[in-house]
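User: I am new to this structure. Please walk me through some of the labels used for it.

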Amino acid sequence: MKVWVKYYSVQLPGWGVVAVLLWAAHRWLGLPVWLALTIILVDVVKDFVLYPFLRPAYETNIRSGAEKLIGEQAEVRHSLRPEGYVWVAGERWRARCETSGHVVPAGALVRIVALDGLTLVVAEEPIRDIKPASD
């Protein structure tokens, strides 16, 4: 379901309640029609203005915590045999090599490919040779 559909489907019942209350206030308390219409219009416009600020609260595909690390690069400071610790974004995380029995030496760069609880599953980054430009 689209985010805006979720947001306005939550707002719609509120608009209905306000409309019923304003109709009752007009009928039994003598509230002028122009004032009732102005109040409901302000209520609806308020929800349209607030939508951009409230949209993130209605999104369901947001990655948080360790999920944000998938795809990031990490540095191995002590060999992974195949488990150990890596440093990513200034933090130390428990990690395991993607392929069992694989040893990643200290100083190597790895890519975080998945999570297993709070253990990062990593794959060694291929070494890219930098070739000097030839004239």
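User: Why is Pro-105 called partly exposed?

Analyst: Its relative accessible area is 41%. Buried means under 20% relative accessible area, exposed over 50%, and partly exposed in between (1.4 Å probe, protein chains only). The value 41% falls in between, so Pro-105 is partly exposed. This is a predicted model: local features need pLDDT of at least 70, side-chain atom pairs count only at pLDDT 80 or more, and totals for chains, interfaces and linings use all residues. Residues are numbered from 1 along each chain as its sequence is written, and side-chain values use heavy atoms, leaving out hydrogens and water.

User: Where is Pro-105 found, and what is it in contact with?

Analyst: Pro-105 sits in the loop between strand 3 (91-97) and strand 4 (109-116). Strands are DSSP runs (E, at least two residues), numbered from the N terminus. Leaving aside neighbours within four places in sequence, Pro-105 contacts Val-76, Ser-79 and Glu-124. Contact means heavy atoms within 4.5 Å.

User: What makes Thr-119 count as buried?

Analyst: Thr-119 has 15% relative accessibility. That is under 20%, so Thr-119 counts as buried. Thr-119 belongs to strand 5.

User: Which residues have the most contacts inside the largest nonpolar core?

Analyst: They are Leu-80, Val-86 and Leu-120, in a core of 16 residues. A nonpolar core is a set of buried Ala, Val, Leu, Ile, Met, Phe, Trp, Tyr and Cys residues joined through side-chain atoms within 4.5 Å. Strand 3 gives this core its largest share, 3 residues.

Notes
Helix = DSSP H or I, 4+ residues; strand = E, 2+ residues; numbered from the N terminus.
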